Amino acid sequence: MWEQDQALVEKTLSTYPSTLAQKFTSQKLKAMRNKQYLHECSAKLHPGIAKIQQPGAYTYEGVAQDIKETFKEYMLGNDKIVDRLVSQIETKQRIHVELESFTFCYPGWKDDRGQVEEIFTGARNNRDLEQGAYHDAQRMLKEMKRKQQVFEEEGFPPGITLLHSEVFSYPSFSNDKEAALDMYDRGDEEAFEQMLVRIQSKQTLHDGCRDHPLLVELDSEEFSYPGWREDQILVEDTLLHSVNAFAEYDAERLLKGMKNKQRLFTGKNLHPGIVALRSRTFTYKGFKRDKLDAIREYRAGYDSAFEERLVHIKEKQKQHDDNGSKSAALVSPTSSTSSSPSGKKVSFSDDAKTVVSTERVSTKDVDRFVPEDCVICLSAPRTHIFAPCGHLCLCNQCAFKTPYRKRKISKKVSCPICRQESSSIVKVYF
């Protein structure tokens, strides 16, 4: 093989410019010398290469691959790289010996050791991060020793010991465990205890047991409003997969929202505020937008937010009524033209004392003839009627949603008001 290397050096010197050829040949000659030293086992062999050649000197997992890479760099003439690789091999061996010689028994020590071994793997695969990886491994080893010392002196809380046990097997446990340990490290004891409850509940659900209070309540309720199955899945998914320590509060709110949606759908046991919103007692500008926002809060299960919006709506209506009364008091009683409470301008005839309208009917009067809001969304006028019962129930949008959008198929749907089966839904015009 040395003849080929020599021929390559001579060809390079005769073909390329002197500066470039000199740099290449210098590196190649160094590689040739290293190969010769290695072949002869000469005393001039690199000290690091002599160390790693000793059989059984290094025993950590993956040492054969590291030694092979080191020899490759040595035969290429890269002595500086060889120095760094040999140093890393010795560091890996030292950490490996400490891991094997030190007895760990604190909860979670196997996971910590696995992280140290993963650092080794990452160092072999990413040369740019090697130096930092070894520092991380050494830091992790010191942390393991500290945990063992704390465990021997004080012991860990029962919750930490439970997390490191092997009783949990649901899919997202590793994420939940990491989140719980992070809460413990931050000193947030309340969140940590809540997360432990969440983890135990998730394992119970994973095992197929539905004795969780929220699931018991969910199974006992009868829902029939459109989309209730999707909401049920969302409640169960929140309980089982959410990493949030307070996810049970979210699930409880979602269940409350399902009940509210069912009340809106059937019209039974409605919140008094919903009854008030459905009445035609609110006339101030912007009421429809406020009404829609309030109903959204109610459907989402935010009862307290809904009640707060209801209070604001009543305050706005009161202010509107007070402003209307003040405006009416400013009109002179001797005037032949006045404004009615509804906002229309009227004139009085001296002969018959009859009232004759001088303008078109205001929008407030028109509202009295508009049908009530849709029984599903409570935010848009009713435009579709069920046949043969004749109930005017749905707005234009809800009429094209499940299950009513399939009305042209032979499958029948029920009227939301009387529950009578209907084979057709017809749009009506006013």
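The model is predicted, so local features need pLDDT of at least 70 and side-chain atom pairs count only at pLDDT 80 or more, while totals for chains, interfaces and linings use all residues. Residues are numbered from 1 along each chain as its sequence is written, and side-chain values use heavy atoms, leaving out hydrogens and water.

**The α4 and α5 pair**
- Helix α4 (residues 63-75) packs with helix α5 (residues 79-101) at an angle of about 165°, and their axes lie 8 Å apart.
- That angle makes α4 roughly antiparallel to α5 (the term covers angles over 145 degrees).
- On the α4 side, the contact (heavy atoms within 4.5 Å) involves residues including Asp66, Ile67 and Tyr74; among those from α5 are Val82, Leu85 and Ile89.
- By class, this contact of α4 with α5 has 7 nonpolar, 1 polar and 5 charged residues.

**Helix α13**
- Helix α13 (residues 247-266) has 20 residues and reaches 29 Å from first C-alpha to last, close to the 28 Å expected at 1.5 Å a residue.
- Glycine 267 follows α13 and has a positive phi, near 80°.

**Loops worth a look**
- Asparagine 269, in the loop between α13 and α14 (272-278), has a positive phi near 55°.
- At 66% relative accessibility, asparagine 269 counts as exposed (over 50%).
- Arginine 419 sits in the loop between β6 (413-414) and β7 (421-422), with phi near 65°.
- A cis peptide bond, with omega about 15°, joins alanine 387 and proline 388.

Conventions. Axes fitted to C-alpha atoms, helices over the stretch in contact; angles between N-to-C directions. Helix = DSSP H or I, 4+ residues; strand = E, 2+ residues; numbered from the N terminus. Parallel < 35°, antiparallel > 145°, perpendicular 65-115°, else oblique. Nonpolar A, V, L, I, M, F, W, Y, C, P; charged D, E, K, R; others polar. Expected span 1.5 Å × (residues − 1). Buried < 20%, exposed > 50% of the residue type's maximum accessible area, 1.4 Å probe, protein only.
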